[in-house]
Each structure stands twice: as C-alpha cells, then as structure tokens.
Amino acid sequence: MRLKRVIPVLMVVFVLGAGVIFALMLASLPKEDGEISLAGLGAAATVHSDALGIPSIIAENRVDAFRLLGFLHARDRLFQMELMRRKSAGRLAEIFGSKTVDLDKGQRDYQFEQAAKNIVSALPANQKRVLEAYVAGVNAFIDQTKLLPPEFIALNFRPEPWCAEDSILVALGMFQTLNGQEQDERMVTVMEKALPKQLVAFLTPDTDVYATVLLGGSDSHRPAQPIPISAFAALDAQPVKLAKGFVDVDSNIAGSNNWVVAGTKTSDGRAIVANDMHLSLNAPNIWYRAELQYAGRYLNGVTLPGLPLLIVGGNNNIAWGFTNVTADLLDLITLDINPNNPQEYLTPEGWRSFTKNPTFIKVKDGADIPIELRSTVWGPVSSKPLLGHSVAIKWTALETAAVDLGLLDMDKAASVKEAITVINQAGGPAQNVVFADRAGHIGWTYMGRFPKRKGFDGMASRSWADASAAWDGFIPPEQLPRLYDPPEGFIVTANNRTLGLDYPYVIAHNWALGYRAHRITELLQGSNGITEQAMLEMQLDTRSEFYEFYQQLALQELNAIKRNEGKVNQSEQIVRAWDGYMNIDSKGAALLMAFRTKLAEALFAKVVARCKQYDPNFSYAWREMETPLRQLLTQRPKGVIPEQYNDDWRVFILETLSSAAKDLQSNYPDIGLAQLNWGTVNRIAQHHPFSKSLPVLGAFLDIGDFESSGCASVCVRVMSKEHGASERLVLAPAHPENGILEMPGGQSGHPFSRHYRDQESFWQEGKIAPFMPGKFLHTLHFQPT
C-alpha cells in the first residue's frame with residue numbers, strides 16, 4: 001500500500017521537474033523584438049529578422065554593424081563559439097573532463113593561444129577596431145542575458161568573457177580544418193624511408209585522367225609514372241586484411257565546389273557564382289546567415305560565428321565563393337638534437353636551446369595535468385615524433401602575417417579586378433576564390449599566404465640545420481595566379497589541381513581528384529542561357545562517370561566467365577543495374593563502391609605493410625591514388641596481387657567482387673543486394689555535440705538522419721554520412737532577387753528555437769531557398785549608452 005502511495009508522488013515530482021526544465025529552456029530563448037542598450041554603439045541601429053530568423057543589420061558604420069553581428073552571433077550560437085575557441089586552444093577538458101584530454105594535448109602542440117596573441121597585436125588599426133567592436137558585442141550579450149543557452153546550464157559553467165584572441169582562435173580552427181594536413185607530410189616521409197624512390201613516385205602523382213587545369217599548361221610536377229614492377233614484386237607478401245582501414249580511398253577533405261559563368265553564358269548578360277563548401281555536418285551548422293547595411297555599403301551571405309567577417313556571398317556589385325586549395329602550407333622540420341645535450345637542437349647558427357613553456361591542462365572533476373610546450377626558431381615542437389625524430393612545425397597559420405581580417409574590405413570591391421586585389425592581400429586559409437560582378441565579368445584567384453620554399457619541395461620532412469632548406473618568405477600577392485574573363489565564359493574549381501608545371505611555384509602535392517571539376521566543366525560546356533535554377537541543379541548533380549570504370553571492369557570479367565565456363569555470377573545483375581548516378585534509388589552503387597575499396601586495399605596491402613614497419617599508424621591516403629590504382633588494374637603486372645591468385649588477375653578481380661558483395665550483404669542482412677538502394681547506405685546525420693556522449697538525447701538534439709543522393713567525393717553533390725555541402729549559394733550580383741542560399745539546420749543553435757532546423761528541408765531536398773531575406777517579422781532597436 002505504501003508503494004502505491006509513493007508512485008503517484010514520484011510521478012508528480014517527475015512531471016514538475018520536467019516542467020521546470022522545459023520552462024527554463026524556453027526562458028533561455030532570446031527575445032526578437034524590443035529595445036536593447038548597447039555600450040560603445042556610435043548611433044542607434046536596427047536589426048530586423050524574417051520568418052527564418054535571418055537578421056538584417058542596419059547601422060551607421062562598419063564598426064557598429066559588426067558590433068551588432070557579435071551580439072547576434074552570441075545570442076544564437078554562443079555554445080558553438082565556446083566549443084570552437086576551446087577546441088583550438090586545447091581547453092575542452094575544462095568543461096568535458098578526462099575524455100578530451102588527449103585531444104587537448106594534441107592541440108597544445110600548435111600553441112595557438114600564443115599565435116593568436118601575436119596575430120591580434122599585428123592587425124592593422126582598422127581591422128583591430130572592427131574586431132574590438134565585435135568582441136564588445138559578444139560580451140554585451142553574455143553580460144545582459146539572464147539565462148544562458150541550455151548547454152551551459154547542463155555543464156554548469158558560465159563562459160569567460162570573449163576576447164580578440166578568441167576570434168583569432170576560431171579563425172585558426174578553420175585554418176586547421178582546411179589547411180592543416182600534417183598527416184600528408186608524415187605519410188610521404190614514411191614512404192620515402194620504407195619504399196624505393198620509383199615506387200614512391202608511382203604512388204604519389206599529382207594528376208589524373210580528369211585533370212582540369214586553369215593556368216600553367218597541361219604538364220604537372222608529379223606526372224603518372226610507369227609501374228615499378230620489380231619494386232612492387234620485391235615487397236613481402238602480406239595478408240590483405242592488414243590494409244583494411246589503412247587505405248583511404250575517399251580521403252575526404254574539407255573541400256568545396258565553386259564556379260562562375262560570365263554574361264556570355266546566360267540569357268541576359270548576368271554573371272553568376274555558384275558555391276557549395278564541404279565540411280563536417282553538425283547541429284548547429286557551421287555557418288550563420290546575415291545581411292549588413294552601413295555607410296552606403298551592403299553585405300549578404302554566410303558568416304562564421306566568432307569572426308567579424310562575411311565569408312562568402314556578395315555586396316551590391318560582387319558575388320564570390322570559396323573552395324579549399326589543398327595547398328601545402330605546413331612543413332615538419334627534422335630536428336638534429338645535440339648528442340651531448342638533448343635540450344639543444346642544431347640551427348644554421350649553431351646549437352640553440354629549446355624555448356620551454358611549462359603549463360598544465362585543467363580537467364573538470366580531475367587533477368591538473370602538467371605539460372611542457374617546446375619551441376624552436378622555426379616553430380613549436382610536435383609531441384609526436386616522426387620516424388623516431390623530434391620535429392618542429394613550420395606552418396603559415398602560425399605566422400603573424402598570414403592571418404588577418406582582410407576579407408572586411410570586400411565590402412568596397414566594385415568590380416572583379418578590385419575584388420582580386422582585395423583577396424590577394426587578405427590572410428587566412430588558402431582558398432580558390434571565384435567572382436562575378438554586375439557588369440557580367442568573372443574572375444578567379446587565390447587567397448592566403450603561400451610559402452616560397454628554398455632547397456626542397458615540402459613533400460617530406462627535412463632538416464633545416466644547414467640552411468639548405470628554408471622558407472624564403474611568401475609568394476607576393478601580385479604573383480598569385482588569376483584569371484579574368486577567360487574565353488570559355490566560365491571558371492571551375494573543386495579542390496583539384498588548377499595549376500600546371502609552367503606556374504613558377506609549387507603550391508601543393510596532394511590535390512583532390514579532378515572528377516568533380518571535370519563533371520562541372522562538362523555540364524557548363526554543354527549549356528547556354530544558364531539561370532540560377534540551372535546552377536542549383538548542377539550543384540545537385542549525382543552523375544558519377546568515375547565508377548563506370550569499375551562497372552566495366554567487373555562486367556568484362558563476368559562476361560568472360562560466362563563465355564568460357566558458362567557460369568553466371570550472382571553479382572552481375574547488381575553491377576549491370578547501376579544507372580550511372582548516385583541517387584537515393586540507384587541500385588548497384590553501393591557494391592561498386594565496396595568493390596573499389598577492396599581492390600585498393602588488396603593492391604596496396606604490401607605497401608601499407610612495409611610502411612607500418614616504420615610507423616604503426618601509417619595510412620595510405622593519397623587523393624590521386626586513382627591514377628596508380630587504374631594503372632595496376634589496366635596493365636595487370638606480375639607480382640602485385642596477393643600470392644594465392646598466382647598472378648591470375650581475372651580470378652582476383654572476381655573474388656574481390658564476391659568478397660565485396662558478401663561484406664555488403666552482412667551489413668544489410670534484411671535486404672537483398674539486388675534491392676539495396678544507394679540511399680539506404682548513404683544516410684546523413686547532423687549530430688549535436690551532446691548526443692554522441694548522451695545518445696538518449698539524440699532524437700531531440702540531432703538534425704537529420706535521412707537517406708540522401710550524392711556521395712563522398714566523386715559526384716558534384718557531395719553528401720556522405722557526416723560530411724557534405726554546408727551551404728549552397730547561387731548569386732548574380734546584378735539580380736540578387738533571383739539568388740539562392742541553402743544551408744542545413746537553421747540560424748539558431750538553441751534546440752528549443754523554431755529556427756534550430758527550419759532551413760533543413762530546403763537543403764535536404766534541394767529546394768530553392770531565397771538568397772535575400774524575406775518579409776521582416778521582428779525588429780530589435782539598439783540604442784547607444
């Protein structure tokens with residue numbers, strides 16, 4: 001009887017507790033109407049917002065406008081900003097505890113906090129003024145809000161005041177995502193140690209059959225090489241399973257597509273930019289939409305919470321979009337340690353002592369962990385040795401002159417030529433930038449600082465102790481590559497190699513496969529009278545000629561078996577059913593993808609095994625590996641495939657296909673492979689940071705988990721698991737009313753906000769979402785104090 005009386009009481013307590021929590025969450029939602037006092041504001045300003053919560057900022061001047069943007073970023077994305085600054089600085093364990101200590105240790109290697117201080121101190125006065133105003137706007141929200149977003153309540157902490165260095169930490173975090181491929185140099189250095197020179201050259205080309213070069217001729221620095229048969233055959237035979245998971249066939253990077261068409265390719269002379277940037281998909285989305293008007297200037301597009309910049313979009317005269325250059329901006333310098341004093345390393349001027357910075361990692365609910373950060377004249381020392389040697393990190397992100405807020409000046413660019421000048425002088429992650437202007441002109445160039453190397457090309461780690469290898473400053477802005485109104489009437493980049501051998505500097509080695517740029521070029525060459533809708537349709541294109549090679553490879557051997565032995569392989573129907581697209585309902589695509597993966601793992605197993613003798617963490621992740629892979633599958637030399645096949649390539653290919661089918665079937669036991677749609681395999685999920693550690697909250701916090709057309713890297717529509725198009729922009733600066741801007745999720749990072757996921761359907765389904773904000777529904781009036 002007592003239990004019967006207790007249960008109702010517990011239920012009431014539970015309901016009341018849930019009601020209190022729900023009320024707190026609702027109370028933490030920010031207001032969208034009314035008046036707000038904002039210290040430091042030069043004049044009264046207004047923020048309107050539409051049905052999607054997209055803000056339109058109207059201010060007297062640039063400084064005031066970005067002060068308001070700081071306030072809005074904090075209002076809608078404060079926890080995202082908090083995570084970004086803490087991740088870059090290596091301070092996540094302070095709020096998450098011991099589970100993030102290893103991540104923090106790795107981040108501390110780069111000493112980003114000191115780099116941020118140096119960068120802020122070197123900013124030009126006009127950029128510093130904007131940054132200081134932005135920071136004040138962020139802190140104004142933190143100070144004024146009575147109830148913080150729910151993540152802060154759950155973790156029981158209050159954010160420290162935002163500072164200028166925190167914004168630079170956000171920029172450095174993005175730099176690391178886009179251009180911090182330390183693993184590339186580690187991979188090649190191990191390969192040089194473990195493999196013959198000719199085999200390394202064969203495995204690391206910088207070109208492929210889809211190469212689409214913009215400048216510098218058709219030749220490349222690392223063209224395809226003949227198969228070094230004897231070098232391959234000399235490698236010890238190894239079980240294929242040793243390579244499983246260590247041949248990265250997709251080698252996904254933070255990439256993008258961008259292209260621009262001139263007025264000659266459209267029906268009325270307008271030039272149009274298209275851009276979709278490929279990043280990790282999370283809840284909330286990385287970008288935040290905003291429109292800014294001040295002092296006769298206008299900006300509209302996507303911003304990055306934490307930074308006072310419009311990243312991509314347009315002003316009244318120009319539209320622009322980014323793709324990652326995949327440039328080589330980082331060198332690992334092999335340090336020569338003094339055998340008589342391990343606290344010294346050799347420089348061209350003689351032995352020098354390491355600069356040491358004893359510090360510690362604070363751990364929530366745990367003891368502080370002491371660490372010692374070491375630096376050299378070239379940069380910080382990595383805590384991860386390379387082939388048993390200490391290495392220093394020389395990276396443009398850590399150079400004071402390489403990161404700034406130069407993008408601010410895009411607000412005054414009135415033509416493509418003016419925009420190219422602004423972009424060439426701006427610091428930040430290396431980007432391909434395409435432009436269109438109101439007059440119908442188009443252009444392309446690079447943004448960022450690119451090292452001029454002396455005595456080496458940067459592919460592998462070298463000692464700089466004798467001064468034979470060094471950086472000799474950066475490529476001057478006026479020598480960066482550029483195009484203006486090319487005769488083709490369009491320009492395309494997609495992280496691919498854009499430069500030929502005749503360009504005087506080596507920009508990169510491990511370029512992305514050229515297929516996406518090839519396919520976009522193919523679509524544009526066959527099109528005239530192009531509209532914004534047509535550009536969006538190209539962004540959603542799922543044609544993958546790339547996998548036709550593997551379809552034909554399989555069918556060729558399957559047909560031979562039928563002719564010679566009268567056998568019908570059960571995989572033939574599935575392979576033949578593929579329609580050439582990576583659509584939700586495409587059948588056979590999943591098998592072809594698995595088939596390629598298994599072929600690559602088998603053919604490169606001996607390479608991986610040899611390299612793992614020198615580095616147990618070695619992974620072969622060359623983004624142009626398709627070139628050597630296809631050479632092997634086409635020429636079929638002896639001594640390459642696993643020994644049990646006795647150099648019988650047909651048996652090897654067919655058994656690899658059967659093995660891929662078997663593994664795929666085991667992953668989807670309730671669906672016959674003939675009925676397995678690509679969408680079943682290609683599900684997209686956007687996780688909130690909390691849901692991975694608290695899965696029970698996933699249904700509420702996560703966005704998505706849906707079947708999607710597209711693929712990881714070999715179709716224009718990049719959508720794969722937790723990686724994909726973080727926005728889709730299509731914009732003609734002469735006609736912004738026809739512009740399109742889609743992004744996943746919504747403006748707000750607050751799970752209880754109606755703007756948490758209200759833009760999701762446009763992005764998921766590829767429906768047209770207007771670039772221009774809609775009818776104003778809410779207004780905030782900001783008054784100076």
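Predicted model: local features only at pLDDT ≥ 70, side-chain atom pairs only at ≥ 80, totals over all residues.
Biologist: Let's start with helix pairs. How should I describe two helices that pack together?

Modeller: Two packed helices are described by the angle between their axes and the distance between them. Here, take α5 (residues 112–122) and α8 (residues 164–179): their axes cross at roughly 115 degrees and come within 9 Å. The crossing of α5 past α8 is right-handed.

Biologist: Which residues of α5 and α8 make the contact?

Modeller: From α5 come Phe112, Glu113, Ala115, Ala116, Lys117, Ile119 and Val120, and from α8 come Ala164, Glu165, Ile168, Leu169, Leu172 and Gln176.

Biologist: Good. Now to the interior: what should I look for there?

Modeller: In soluble globular proteins, nonpolar side chains tend to be buried together. In this model the largest nonpolar core has 204 residues, and Ile507 and Tyr620 have the most contacts inside it. Helix α2 (residues 62–89) gives the most to this core, with 13 residues. Apart from it lies another core, of 20 residues, including Ile272, Leu524, Val730 and Ala732.

Biologist: What does Tyr620 touch?

Modeller: Leaving aside residues up to four places away in sequence, Tyr620 touches Met187, Met191, Leu203, Phe246, Val247, Asp248, Phe604, Val608, Met625 and Pro628.

Biologist: Val608 belongs to α18, I see. Why is α18 described as largely enclosed?

Modeller: Count its buried residues: 7 of the 8 residues of α18 (residues 605–612) are buried, so the rest of the structure largely encloses this helix. The buried ones are Ala605, Lys606, Val607, Val608, Ala609, Cys611 and Lys612. Among the elements covering them are α9 (182–194), α10 (197–203), α11 (229–234) and α17 (589–603).

Biologist: And which residues are buried in α14?

Modeller: In α14 (residues 532–539), the buried residues are Glu532, Met535, Leu536, Met538 and Gln539. They lie on the same side of α14, because they cover an arc of only 155 degrees around the axis. Their packing partners are β4 (255–261), β5 (272–280), α13 (515–525), β28 (728–731) and β29 (740–742).

Conventions:
Residues numbered from 1 in each chain as written. Heavy atoms only, no water. Buried < 20%, exposed > 50% of the residue type's maximum accessible area, 1.4 Å probe, protein only. Helix = DSSP H or I, 4+ residues; strand = E, 2+ residues; numbered from the N terminus. Arc of directions from axis to C-beta. Contact = heavy atoms within 4.5 Å. Axes fitted to C-alpha atoms, helices over the stretch in contact; angles between N-to-C directions. Left-handed = near helix turned anticlockwise from the far one by under 90°. Core = buried A, V, L, I, M, F, W, Y, C linked by side-chain atoms within 4.5 Å.
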